[in-house]
Amino acid sequence: MTTDKIILEANTFPRVDIDFMNNTHFDELILVQKLGQLITRYQQHQDPSDDDAQQIIQAIENWIEHSHSHFYRENALMQEVGFPMYHVHSAEHEHVLVDMVAVFTSWKNNHDIEALADYVFSAWPRWFNNHVKTMDLMTAQFAVMNGYSPNSVPS
Ligand SMILES: [Fe+2]
Ligand SMILES: [Fe+2]
């Protein structure tokens, strides 16, 4: 059961030193906010339809796809600038993707909206908040200190 809903605001979310990372975080938070709205609507329905479920599936698919490219670009940046904690940072990406896919698979199998809500409103925002404030922040700082331009994008 979701007790403390965490909704991370795209506009006020903490920024790091590199633009493409901030833009990606912004887009991701918008996707998650939309997913959150669909979940809340589903929870409020007495008798949710297949269409409601299908919209949630689509929103999670978009989110997972977005996360893939999000992490791919950050991993590429780390390699480009030789970030010394590459393995720690990229391992966090891998772990959360495994979790997201597991949550998605179980939602498709059992339509347990409370379990999904718990992940989207609690576990994931906690993870994201902590990840950006540690790994992403350090990576961006390191990159810029080593001459990477804040407005470039990994090749
Ligand atoms: Fe990130
Ligand atoms: Fe990251």
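This is a predicted model: local features need pLDDT of at least 70, side-chain atom pairs count only at pLDDT 80 or more; totals for chains, interfaces and linings use all residues.
Helix α3 (residues 86–110) and helix α4 (residues 113–145) meet at an angle of about 170°, with axes 11 Å apart; axes are lines fitted to C-alpha atoms over the stretch in contact, and angles run from 0 to 180 degrees between N-to-C directions. That makes the pair roughly antiparallel, the word for angles over 145 degrees.

Next I looked up who touches whom, a contact being two C-beta atoms, placed from the backbone, within 7 Å. From α3 I noted His89, Glu92, Val96, Val103, Ser106 and Trp107; from α4, Ala115, Leu116, Tyr119, Trp127, His131, Met135 and Thr139. By class I got eight nonpolar, four polar and one charged. Nonpolar is Ala, Val, Leu, Ile, Met, Phe, Trp, Tyr, Cys and Pro, charged is Asp, Glu, Lys and Arg, and polar is the others, Gly among them.

Then I checked the whole chain: four helices, zero strands.

For overall dimensions, the C-alpha box is roughly 55 × 30 × 25 Å along the principal axes.

I also looked at burial: 21% of the 155 residues are buried, meaning 20 or more other C-beta atoms within 10 Å of a residue's own C-beta, placed from the backbone. Of contacts between residues at least 6 apart in sequence, 75% join residues at least 24 apart.

Bookkeeping: local features need pLDDT of at least 70 and side-chain atom pairs 80 or more, while totals for chains, interfaces and linings use all residues. Residues count from 1 along each chain as written, with chains lettered from A and ligands numbered from 1 in written order.

How values were computed
Helices (H or I, at least four residues) and strands (E, at least two) are DSSP runs, numbered from the N terminus. A residue is buried if 20 or more other C-beta atoms lie within 10 Å of its own, exposed if 12 or fewer, and partly exposed in between; C-beta atoms are placed from the backbone. Angles under 35 degrees count as roughly parallel, over 145 as roughly antiparallel, 65 to 115 as roughly perpendicular and the rest as oblique.
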